[in-house]
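Here's a quick walk through a few spots worth a look. Have the structure open and follow along.

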Amino acid sequence: MQRSKLKQINQSVNDASATHDSSINGHFEGKAKIAKWAVLSKDATGETSSSQPSSVIESWKEARTRSVEDNEMSLPSIAAAYSTILRGLGEDPERQGLLKTPWRAATAMQFFTKGYQEQIIDVLNDAIFDEDHDEMVIVKDIDMFSMCEHHLVPIFGRVHIGYLPNKRVLGLSKLARIVEIYSRRLQVQERLTKQIAVAITEALQPAGVGVVVEATHMCMVMRGVQKMNSKTVTSAMLGVFREDPKTRDEFLTLIRS
Ligand SMILES: [Zn+2]
């Protein structure tokens, strides 16, 4: 790993301590260094929308919002909240089958959101290599499990990532780890897609990055439209993936092959 980059990252992390309040619960107010990017989303009806949200993330400035110790401390109160929910649903939390449910549910919810305990910088340490490789790198079909922040039910699917290196590459397994850190939080699919793309851009400063997320939202499948097979596809294209249709097409073709 390049020393200069490491230094730069550490510097940013130190800067972050003062501002980490703005990144609680995955909502980021930080301004982006990257000027050009776009998120295209295609919903179940096949309609495509393009958005240019006002704020973008700066992954380095993002602080951990939870620790393993926090988990232990908050487990009783989360479990108590689940007991309240059970009662509110017309159940009896004291009946045998439900006796341990609040604790199990609390532990499971902490696991589903364990991305709050991790930082992108942990993943990148010792995983960025100088390499004279300038062909597209693609990792496709990365499994993804997340939680919809509007309904607290699962979103699951696959993530495809491509980037065009600029003399710097990332250990391949680390791309999946970046997906894991952002997906194990309360999310909306558009933000998840964008966060992955921006984190890779900031880490590697590549010529371009493309991220495509295909996911099923249980809140759509089990309620509302109840479409069993509806999938939501979102993409974020940065750098040459955004500017050059040929590069973008190559990426899109390769992830479909
Ligand atoms: Zn939802």
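A residue counts as buried if 20 or more other C-beta atoms lie within 10 Å of its own, as exposed if 12 or fewer do, and as partly exposed in between. Keep that in mind for this predicted model. Lys167 has 15 other C-beta atoms within 10 Å, so it comes out as partly exposed. You'll find Lys167 in the loop between strand S5 (154-164) and strand S6 (168-170). Its phi is near 65°, which is positive even though the residue isn't glycine.

Asp126 also has a phi near 65°, again a positive value in a residue other than glycine. For background, most residues other than glycine have a negative phi. Asp126 sits in the loop between helix H4 (120-124) and strand S3 (128-130). Is Asp126 buried or exposed? With 10 other C-beta atoms within 10 Å, Asp126 is exposed.

## Glu131 and its contacts

Now go to the loop between S3 and strand S4 (137-148), where Glu131 is found. Glu131 has 12 C-beta neighbours inside 10 Å, so it counts as exposed.

Which residues does Glu131 touch, if you skip those up to four places away in sequence? They are Pro165, Lys167, Arg168 and Val169. Take Val169: it is 38 residues from Glu131 in sequence, yet the two C-alpha atoms are 6.4 Å apart in space.

## How H5 and H6 pack

Two packed helices are described by the angle between their axes and the distance between the axes. For helix H5 (residues 172-183) and helix H6 (residues 189-204), the angle is about 135° and the axes are 10 Å apart. H5 and H6 are therefore oblique to each other, and their crossing is right-handed.

On the H5 side, the contact is made by Ile178, Val179, Tyr182 and Ser183, while H6 brings Leu192, Gln195, Ile196, Ala199 and Ile200. Sorted by class, the contact of H5 with H6 has seven nonpolar residues, two polar ones and no charged ones.

## The nonpolar core

The largest nonpolar core has 36 residues, and those touching the most other members are Ile178, Ile196, Ala197, Ile200 and Val211. Which helix gives the most to this core? That would be H6, with eight residues.

Leaving aside neighbours within four places in sequence, Ile178 is in contact with Ile120, Val123, Ile196, Ala199 and Ile200.

Technical notes:
Residues are numbered from 1 along each chain as its sequence is written. This is a predicted model: local features need pLDDT of at least 70, side-chain atom pairs count only at pLDDT 80 or more; totals for chains, interfaces and linings use all residues. Axes are lines fitted to C-alpha atoms, for helices over the stretch in contact, and angles run from 0 to 180 degrees between N-to-C directions. Helices (H or I, at least four residues) and strands (E, at least two) are DSSP runs, numbered from the N terminus. Angles under 35 degrees count as roughly parallel, over 145 as roughly antiparallel, 65 to 115 as roughly perpendicular and the rest as oblique. A crossing is left-handed if the near helix is turned anticlockwise from the far one by less than a right angle, and right-handed if clockwise. Two residues are in contact if their C-beta atoms, placed from the backbone, lie within 7 Å. Ala, Val, Leu, Ile, Met, Phe, Trp, Tyr, Cys and Pro count as nonpolar, Asp, Glu, Lys and Arg as charged, and the others, Gly among them, as polar. A nonpolar core is a set of buried Ala, Val, Leu, Ile, Met, Phe, Trp, Tyr and Cys residues joined through C-beta atoms within 7 Å.
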